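Here's a quick tour for someone who likes to know the cut-offs behind each number. Have a look at the model first, then read on.

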Amino acid sequence: MNQIVDRQNILRGIDELGYKDKLFLLSYIAKNLQKSGFKTHHQLTELKGLGKEIWQKCDVENYVQNERASWD
């Protein structure tokens, strides 16, 4: 069966549910997402190493000296 048809059948089924059953389903989906590792917050440490390839060919000491010289 086609995924689009499956989704349409599921949505029709949800429309037919009563208020309490819809709340139960919403709670079930939210808990399922939490268990599956759905993240809404990130840690700063996740950025470690990001963009390091940009600096691989750069002489960092020279770069810092040039930046400091531009402050004058």
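## The aromatic pair

Trp55 has 42% relative accessibility, so it counts as partly exposed (buried means under 20% relative accessible area, exposed over 50%, partly exposed in between, with a 1.4 Å probe and protein chains only). Tyr63 comes in at 37%, so it is partly exposed as well.

What does the ring count come to? It is 1 aromatic pair, with rings of Phe, Tyr and Trp (its six-membered ring) pairing if their centres lie within 6.5 Å, and planes under 30 degrees apart counted as stacked, over 60 as edge-to-face and the rest as tilted. Trp55 and Tyr63 have ring centres 5.1 Å apart and planes at 75°, so they go down as edge-to-face.

## Ground rules

This is a predicted model, where local features need pLDDT of at least 70, side-chain atom pairs count only at pLDDT 80 or more, and totals for chains, interfaces and linings use all residues. Residues are numbered from 1 along each chain as its sequence is written, and side-chain values use heavy atoms, with hydrogens and water left out.

## Overall layout

The protein chain has 4 helices and 0 strands, with helices (H or I, at least four residues) and strands (E, at least two) taken as DSSP runs numbered from the N terminus. Read from that end, the order is α-α-α-α.

How does the radius of gyration compare with a compact globule of 72 residues? The globule would be near 11 Å, but the protein chain has 26 Å (taken over C-alpha atoms; the globule rule is 2.2 Å times the number of residues to the power 0.38). The C-alpha trace spans about 70 × 30 × 25 Å along its principal axes, and 1% of the 72 residues count as buried.

Helix 2 has 17 residues and reaches 25 Å from first C-alpha to last, close to the expected 24 Å (1.5 Å times one less than its number of residues).

Leu33 sits in helix 2 (residues 19-35) and, at 38% relative accessibility, counts as partly exposed. Together with Phe24, Tyr28 and Ile29, Leu33 makes a nonpolar surface patch of about 420 Å². Patches take residues with over 30% relative accessible area and no salt bridge, joining like charges within 9 Å and nonpolar side chains (Val, Leu, Ile, Met, Phe, Trp, Tyr) within 5 Å; a salt bridge is a side-chain nitrogen of Lys or Arg within 4 Å of a carboxyl oxygen of Asp or Glu. Accessible areas come from the Shrake-Rupley method with a 1.4 Å probe, and for residues only the protein chains shown count as cover.
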